[in-house]
Amino acid sequence: HVPPAHFGSSFQLGGCIMASKFAAKSPVDLPDGFSSVLKAFITEVLREQPHDIVAFGAKYFEHMARSPGEEYRGGTQVDVPKSEEVEQIVVELFKQYDSDGNGHLDPGEFQSLMHDLQVRIGFPVSEIDRFLAEADRNQDDRIEYEEFIPLALQIIQSLYAKTRPGAPEELPRPQLIHGLSERQFDDTCARIFQRFDAHDTGVLTVDLFKNALQHHDLGLTRREVNAILFRAPRDEYGRVPYAEFLRDLFPLLQHLTAARISDTELENDEIYGLIMEKLQAADETESGVLSIEAVSTCIQEAGMGLSRLQAFTVVSEAETDDEGNILFAEFVPRAVAIIRSMLKFEAGLLDDGAAAEEEEFHHALDSALRPLLELGTECEFADLRDTLLEMQMPENETRALLVAASSGGGYVDLDQFRAQAWGIVTQVRLHT
């Protein structure tokens, strides 16, 4: 029994003053153990700092009721539900959001379902991107019941495995995505989106936006394209206002890579098979040789998540015959080693001196290109070749830059060349 005088018009709990509407009324009886339970809960709230206190409280008290006396481990607590329970929740939610019963969800409905599922199941909010990346496997901009239910069960079980003590944490965020820095990536995206936006409206249909994301200059994987499509905002007509979304793309891809969602690492035999399949298909005469440009295109289209810039870097290491063609069967093993290096997570990590190196490189390149730029923004390939040779860069860097410049039919767009030059040099220094 606690006398009313003990409360006055307010009472203090854990250093917080709390008003009491019972202050002037009859004495209040507190249940046995109430103070210790409330104090322990407040301690956990202050320690965990949850964004949703109600959801956190529900999980906390559910655990305490199920396992009295066992310490609550907060963010490390792993309560793995049975597969049947998860399946029931997933099926119920799918049916709930599939309001017209047509067996599929549009992107907006699916994102609402995922946030609801996250609250019900309790996996980290950041892991929603894992579902977005995998869900639309046939890439028709909608989630079908048959393709989602088994996938959701598989992902949820893997998420619980990740949250167990000792599971690997998210990696640090890379500074390069597919060989591009944030500035290079943003500039490349802006150029590609504007090319697809023929009337300069600032918006693209979903199909055009997806085509832009699949452009070989970016080298995005299927999972990355899927995740971006689901995150992209839509206007009232279902179009994507790409300009306002552009600034969010690079951080999203950093997260996908760091959380191992992009999953671009492949084994050597997988890389070999993907490349050879494309090269043999392109070699219609079965001569065993292809042009530099054809080999570069095959590498980009092999589905490994390499940008055009990275493909140029790989091809620059090839030996060519007198006609400038590549005997590709001999070159593929070397290409596999370079690509394997590019696909490793560490390829996106740069040291602290990278910015200074980039500034020094551009200063030297701009000085060398100035005479050509004074004549216009386009020059003959031979003139650029002579200019680069005069710069006396390492041979492999010069060769990679010339491979990139040689795809213009004898002429070079100097602005475009300058924009991609440092990215190519960076890839050469990292992987060859």
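Where is S407 found? S407 sits in the loop between α17 and β8 (411-413).

## The model and its confidence

This is a predicted model, in which local features need pLDDT of at least 70, side-chain atom pairs count only at pLDDT 80 or more, and totals for chains, interfaces and linings use all residues. Residues are numbered from 1 along each chain as its sequence is written, and side-chain values use heavy atoms, with hydrogens and water left out.

The mean pLDDT of the protein (the predictor's confidence in each residue, from 0 to 100) is 79, and 80% of the residues reach 70 or more. Over residues 1-18 the pLDDT is below 50. Where pLDDT is low, the predicted coordinates should not be read in detail.

## Overall make-up

The protein has 18 helices and eight strands. Helices (H or I, at least four residues) and strands (E, at least two) are DSSP runs, numbered from the N terminus. Of the 432 residues, 43% are buried. Buried means under 20% relative accessible area, exposed over 50%, and partly exposed in between, using a 1.4 Å probe and protein chains only. Among contacts with a separation of 6 or more, 67% are between residues 24 or more positions apart.

## Nonpolar cores

A nonpolar core is a set of buried Ala, Val, Leu, Ile, Met, Phe, Trp, Tyr and Cys residues joined through side-chain atoms within 4.5 Å. The largest one has 78 residues, and F193, F209 and F417 have the most contacts inside it. Helix α14 supplies the largest share of this core, nine residues. A second, separate core of 27 residues includes L113, I121, I149 and L153.

Not counting residues up to four places away in sequence, F209 touches F193, L204, I228, L229, A232, V240, Y242 and F245.

## Helix α13 and its surroundings

How many of the eight residues of α13 are buried? Eight of the eight are, so α13 is largely enclosed by the rest of the structure. These buried residues pack against α12 (292-300), β6 (325-327), α14 (328-343), α17 (395-405) and α18 (414-431).

T313 is buried, with a relative accessible area of 0%. Leaving aside neighbours within four places in sequence, T313 is in contact with M342, I424, Q427, V428 and T432.

Leaving aside neighbours within four places in sequence, S407 is in contact with E293, R308 and F312, and both R308 and F312 are buried residues of α13. S407 and F312 are 95 residues apart along the chain, with their C-alpha atoms separated by 9.9 Å. S407 itself counts as partly exposed, at 29% relative accessibility.

## Helices α14 and α18

Helices α14 and α18 pack at an angle of about 105°, with their axes 10 Å apart. Axes are lines fitted to C-alpha atoms, for helices over the stretch in contact, and angles run from 0 to 180 degrees between N-to-C directions. That makes α14 roughly perpendicular to α18. Angles under 35 degrees count as roughly parallel, over 145 as roughly antiparallel, 65 to 115 as roughly perpendicular and the rest as oblique.

In this pairing, I338, S341 and M342 of α14 meet Q427, L430 and H431 of α18.

## E357 in α15

E357 lies in helix α15 (residues 354-373) and is partly exposed, with a relative accessible area of 35%. Leaving aside neighbours within four places in sequence, E357 is in contact with W422 and R429. E357 and W422 are 65 residues apart in sequence and 9.4 Å apart in space, C-alpha to C-alpha.

## Two loop residues with positive phi

Most residues other than glycine have a negative phi, and most peptide bonds are trans. D200 has a positive phi, near 55°. D200 is placed in the loop between α7 (182-196) and α8 (206-213) and is exposed, with a relative accessible area of 64%.

Q392 has a positive phi near 55°. Q392 lies in the loop between α16 (381-391) and α17, and is exposed at a relative accessible area of 71%.

Conventions. Contact means heavy atoms within 4.5 Å.
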